[in-house]
Amino acid sequence: MRDEYDAITAKGADVIAVGTGNPMYAKAFVADERIPFTVLIDEDGEAAKAAAVQGGAGAMLKLIAPGVLKAGARARKAGHKQGKTGARPMQLGATFVVKDNEVVYSHVDGDVGDHAPMTEVLAAL
């Protein structure tokens, strides 16, 4: 999202990220990763539950899937690094596009390396 932030805002939209850490973790993440958008914190997991985003033991098994291990190796080779994990390191992510209080696009990550294709997110704006 960071890399496409200008394209997102050019369409009149904005990004709000919801993380699993604490305020100090979020502040460090925003600074370290040069995040230009708002980052909120879901310390107790209520937002993840409301959005039906999987976490916990069910997500843990997905950490060792062959595709995840390959994606991790590609990410490391590209220079990406794993920072400090949040309060719920097994929490999977999701991307939602909301227009006029209605979800018009959703992508719930199937594993830790699965993220919404930016072409789909931009098309939904």
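Here is a short chat about a predicted model of a protein.

Student: What does the secondary structure of the protein come to?
Tutor: Six helices and four strands. Along the sequence, the pattern reads α-β-α-β-α-α-α-β-β-α.

Student: Which way do β1 and β2 run, parallel or antiparallel?
Tutor: Parallel. β1 covers residues 16-19, β2 covers residues 38-41, and four bridges join them.

Student: And which residue in β2 is the bridge partner of Gly19?
Tutor: Ile41.

Student: What do β1, α2 and β2 make?
Tutor: A β-α-β unit, and a right-handed one.

Student: Let's stay on α2. How many of its 10 residues are buried?
Tutor: One. The helix spans residues 23-32 and is hardly covered.

Student: What happens at the start of α2?
Tutor: Asn22 has a side-chain oxygen within 3.0 Å of a backbone nitrogen, that of Met24.

Student: And what follows the helix?
Tutor: Arg34 follows α2. Its phi is positive, near 55°.

Student: Switching to the whole protein. What share of the residues counts as buried?
Tutor: 21% of the 125 residues.

Student: Last one, on contacts. Take residues at least 6 apart in sequence. What percentage of their contacts join residues at least 24 apart?
Tutor: 51% of them.

Notes
Residues numbered from 1 in each chain as written. Predicted model: local features only at pLDDT ≥ 70, side-chain atom pairs only at ≥ 80, totals over all residues. Heavy atoms only, no water. Buried < 20%, exposed > 50% of the residue type's maximum accessible area, 1.4 Å probe, protein only. Helix = DSSP H or I, 4+ residues; strand = E, 2+ residues; numbered from the N terminus. Polar contact = N/O pair within 3.5 Å; in protein donor to acceptor, adjacent residues only side chain to side chain. Contact = heavy atoms within 4.5 Å. Pairing = 2+ DSSP bridges. Right-handed = clockwise from strand over helix to strand, strands pointing away.
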